[in-house]
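Here are my notes on the model, as numbered points. Please read them with the structure open.

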Amino acid sequence: MSSSSLLPQEDARDAALFFVVCALCFLGALAALSARAAYSAANDWTNDVTGQITIRIEGTPQHLEKALELTRGFPEIASARALEKSDAEELLSPWLGKNGVPEGLPLPKIIAAEAQPNAKNMGEKLQSAFQQNRITATVDDHVVWSEDVRRATDSARLVALVAVALLAATAIAVIAFATHAALLARKEIVNVLHLCGAKDSFIAGLFERRFLGLGLQAGTVGAVLALCAAAFLLYMAKQSDGQVWLLPQLSLSMVDGLILGLTPIIAGLSAMLAARITVIRSLAELV
Amino acid sequence: MNNMSLEEPAVQFDQVSLSYGLDQDVLTQVSLELHARSFTLLTGPSGAGKTTLLKLAYLALLPSSGQISLFGINTNRLNRVGLAKLRRRVGVVFQEFRLLDHLTAYENAALPLRVMGEPERQYKDDVIELLRWVGLGDRLHARPETLSGGEKQRVAIARAIVGKPDLLIADEPTGNVDPEMGDRLLRLFQELNKRLGTTVLIATHDQHMVENAGAEVLRLADGHVMHQVSNSPSFTIS
Ligand SMILES: Nc1ncnc2c1ncn2[C@@H]1O[C@H](COP(=O)(O)OP(=O)(O)OP(=O)(O)O)[C@@H](O)[C@H]1O
Ligand SMILES: [Mg+2]
């Protein structure tokens, strides 16, 4: 004789709540995945270019030599080298073919340098050093560009984080609301258990377990749907050569796995917490 | 159960008044004492406040003023956990039964034990035995909606006594049964009172019961309680 649950099995209200929590978890997981994608896109792009300095020298090969010497003289510079003819040939091969650069074609004199990660204002420092030595040079440290990228991805990240926070808050509010409704519908059960000497924690526990289970299940379904959606976007991006902004970063990583794995747990725990608070508060109305 | 507290009055009302909201007092400065192992009937006209008095005694209501003690424990001084533990020493048969529709007769009767966290294997046989004793041995798995009024009442009684309470409170327990079943139930309560020393407090309209129980009778009228002793203790206990 195995005893049935003290709370009756779920009714139509619970099905509606399941759907809502599921949809919120789907949206929340997608928003978190987008935030993650924006974050690593910003990191990857800025990491790629920070520290990379390109210097173009106007003048004779002696000027190039001198500029190289000056550049290497900075302790913040990790490495610096002049681009050779072969580098230029490699860069220009799509246009000039395998025959290489024709003799006599003036090649730009370019130094590719790399600064230490913590170096600051290298562009300005190099520029003034060249000026003092009367070398005409254009220094590009990609700062403007990477700042632009950072700003753009920062705002994308902020929007995504706000969306995640809003969705989480909505989910908790909806669950609290639903628990309250469930409690009203089961008020007689709560009252009878109370009069039989049940402690508040015992009655709250019944609802906590019910809503923990609901949150976990709905969260899992939502997360799986979000995974499918992300995989679909990734697939579409691969089909179109991956040349779409942000999407190349949507490769499913460990962090994405963590986000998807945490979604049901967060949903379950917030459902449980909402249930606990609502039940304890309604029980306070009983003697 | 606790021998120390059995020496104390099971129920003690001290200047207890109660009004619902802003309405007139239902009970006005009621003082009464039920001795441990006593058997008391509470009677009075409909609307006199019998159910209200019982609710105060089984800790479903707080008095507007005054003090209620159970087994010598002042309920004003208890926190919620303390009140829950005290409720476990009180079994209640509600006027409208209040069985849980989604549970079977057996599960309803076992509810107080389950609430206390006892494992089912420890109480299963006792609960079945108890339901047999009240004549429901063949209705163990029936849900309340399929039970007759009298059967529901007996499930409610089984639930009230399953935890061997120190105090049994019953609100019109014979309201829904024929006189013969009424006598059987009364005998059951008397047996509990005699055998287990359970203090019994029963609210009833049933004049037959008042005359035959051989118990102390409290009469409630106009918010006050008057004592009156039944003078024809013709009921005998087998
Ligand atoms: N929850 C409530 N809110 C407001 N008034 C109430 C409430 N419960 C009872 N009353 C009022 O208190 C008075 C006493 O009610 P109570 O149920 O205690 O009477 P009773 O003696 O048990 O009656 P009966 O014999 O019909 O069961 C009645 O006038 C009733 O209308
Ligand atoms: Mg009544």
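1. Domain bounds here come from an automatic or database domain assignment. For chain B that assignment gives domain 1 (7-89 + 166-238) and domain 2 (94-164). The C-alpha centres of domain 1 of chain B and domain 2 of chain B are 22 Å apart. Contact (heavy atoms within 4.5 Å) links 19 residues of domain 1 of chain B with 14 residues of domain 2 of chain B.

2. A word on the basis. This is a predicted model: local features need pLDDT of at least 70, side-chain atom pairs count only at pLDDT 80 or more, and totals for chains, interfaces and linings use all residues. Residues are numbered from 1 along each chain as its sequence is written, chains are lettered from A and ligands numbered from 1 in the order in which they are written, and side-chain values use heavy atoms, with hydrogens and water left out.

3. Now the sheet in chain B. Helices (H or I, at least four residues) and strands (E, at least two) are DSSP runs, numbered from the N terminus. Two strands pair if DSSP finds at least two bridges between them. Four strands of chain B make an open antiparallel sheet, ordered 2-1-4-5. Its edges are strand 2 (25-34) and strand 5 (73-74) of chain B, each pairing on one side only.

4. Strand 1 (residues 11-19) of chain B joins strand 2 of chain B through six bridges, antiparallel. B:Val11 sits opposite B:Leu34 in strand 2 of chain B. Helix 2 (residues 50-57) of chain B lies across strand 1, strand 2 and strand 4 (65-70) of chain B. This helix 2 of chain B runs at about 125° to strand 1 of chain B. Angles run from 0 to 180 degrees between N-to-C directions, with axes fitted to C-alpha atoms, for helices over the stretch in contact.

5. In chain A, strand 3 (residues 109-115) pairs antiparallel with strand 1 (residues 52-58) over six bridges. There A:Ile55 faces A:Ile111 of strand 3 of chain A. Strand 2 (residues 77-82) of chain A is also antiparallel to strand 3 of chain A, over five bridges. A:Arg81 stands opposite A:Ala112 in strand 3 of chain A.

6. How do helix 6 and helix 7 of chain A cross, and at roughly what angle? The axes of helix 6 (residues 187-195) and helix 7 (residues 200-239) of chain A come within 10 Å and cross at roughly 150°. That makes helix 6 of chain A roughly antiparallel to helix 7 of chain A (over 145 degrees). The contact involves A:Val190, A:Leu193 and A:His194 of helix 6 of chain A, and A:Asp200, A:Ile203, A:Leu206 and A:Phe207 of helix 7 of chain A.

How values were computed
Angles under 35 degrees count as roughly parallel, over 145 as roughly antiparallel, 65 to 115 as roughly perpendicular and the rest as oblique.
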